[in-house]
Amino acid sequence: MSDAGILAELGRQFTVLSLLSIGGINSLIPEIHRQIVELKGWMTDAQFSELFAISQAAPGPNFLIVTLIGFFVAGWPGAVITTMAICAPSSALTYVVAHLWDRFREARWRIIIQRALAPLTVGLMFSSGYVLTRASDHGVLAYAITAASAATMLWTRVHPLAALAVAAAFGAAGVL
Amino acid sequence: MVPLPAAPDPALVVPSTRALFFGFLQVGISGFGGVMPFAHRMLVERERWMTEREFVDVLSLSQFLPGPNIVNMSIIVGRRFGGPGGAAAAFTGLIFMPFLIIIALGAAYSAFGQLPHVRETFAGVAAGAAGLVIAMAMRMARPLRRTSWQVGIAMVAFVAIALFRWPLLGVLFGLAPVALLLAAREKPP
């Protein structure tokens, strides 16, 4: 694929995903993985899960995983295009809807939509966890680290970065 | 959103376009793995651009619509105080620094990511990051436990997306109408 072709493809993919991202960007992980790793082969499983890890460890909003993927696949132009593609359609929609929202805030159909989307978002979020685990974990110890980090987040008040630092230390020690 | 009161709350401040840019600039570089708590601190506690109640309304709209939640919030807040220019200023402020930081990290990863020791460290972080997402999913699932159709929809979505690897577009168009019908059959709260 030519450079321009890759950029156009990235822009097209993430423009569509912008409007499908109910519940935020993390629920898109399975679909991004399907398109970038499985269909296009633009990166390996390991690279995908490592870029995701970087985006979690970096400061700022978590949608930057999309910027990082664009940068990895197509450099600076890729980063700009994926960032604009994931933000522009949803932002335009938000701008318009914010205008109308006051009128509908008590409307019953609004509550129905929220109740309908909640379980879809949960299903997608579990799918993200599953896909990332499959992509990053090879061996019992890696699974143990994933489970321990999930348990730490659920049942303690440890900061996510501290959990990632411990996981990094295990990795650096070469036990994986 | 609660419309701004006719006689504005004297404790509230109306930000300029410039203030929107710099306010969200700080939010952008504040959080790790989620900046929403910092947005709350900036908007309600520190700068006093909106009340607690208004923040909750803006937050629920940001989460209701597709797109990154914090980006949606920057658009709503920017629009409210400065129209299109305000929305553009808030959005640009929000992503400016994180964009540069993530590119720097990406460049470092491209340069050094193949070194064996770096590779092993990243494998550890990646395993940990997968756990963070699983924990988030479990927290989000807690409110669903009382409603059996919601549990069913969540499970079907998981099987279709995670196990069968079906395209998201098709799964959403298939499941959303079913979920809407089931939600509409429930009695109003």
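The exercises below concern a predicted model with chains A and B.

Local features need pLDDT of at least 70, side-chain atom pairs count only at pLDDT 80 or more, and totals for chains, interfaces and linings use all residues. Residues are numbered from 1 along each chain as its sequence is written, and chains are lettered from A in the order in which they are written.

**Exercise 1. Describe the make-up of chain A.**

Step 1. Take helices (H or I, at least four residues) and strands (E, at least two) as DSSP runs, numbered from the N terminus. Chain A then has seven helices and zero strands.

Step 2. Call a residue buried if 20 or more other C-beta atoms, placed from the backbone, lie within 10 Å of its own, exposed if 12 or fewer, and partly exposed in between. Of the 176 residues in chain A, 57% are buried.

**Exercise 2. Describe the side of chain A that touches chain B.**

Step 1. Two residues are in contact if their C-beta atoms, placed from the backbone, lie within 7 Å. The contact takes 87 residues from chain A and 78 residues from chain B.

Step 2. On the chain A side, α5(A) gives the largest share, 24 residues.

Step 3. Sort by type: Ala, Val, Leu, Ile, Met, Phe, Trp, Tyr, Cys and Pro count as nonpolar, Asp, Glu, Lys and Arg as charged, and the others, Gly among them, as polar. The chain A side holds 54 nonpolar, 26 polar and seven charged residues.

**Exercise 3. Describe how α5(A) meets α6(B).**

Step 1. The axes of α5(A) and α6(B), residues 148-163, come within 7 Å and cross at roughly 35 degrees.

Step 2. List the contact residues: among them are A:L120, A:F126 and A:Y130 of α5(A), and B:I153, B:F158 and B:I161 of α6(B).

Step 3. Sort the residues of this contact: 15 are nonpolar, three polar and no charged.

How values were computed: Axes are lines fitted to C-alpha atoms, for helices over the stretch in contact, and angles run from 0 to 180 degrees between N-to-C directions.
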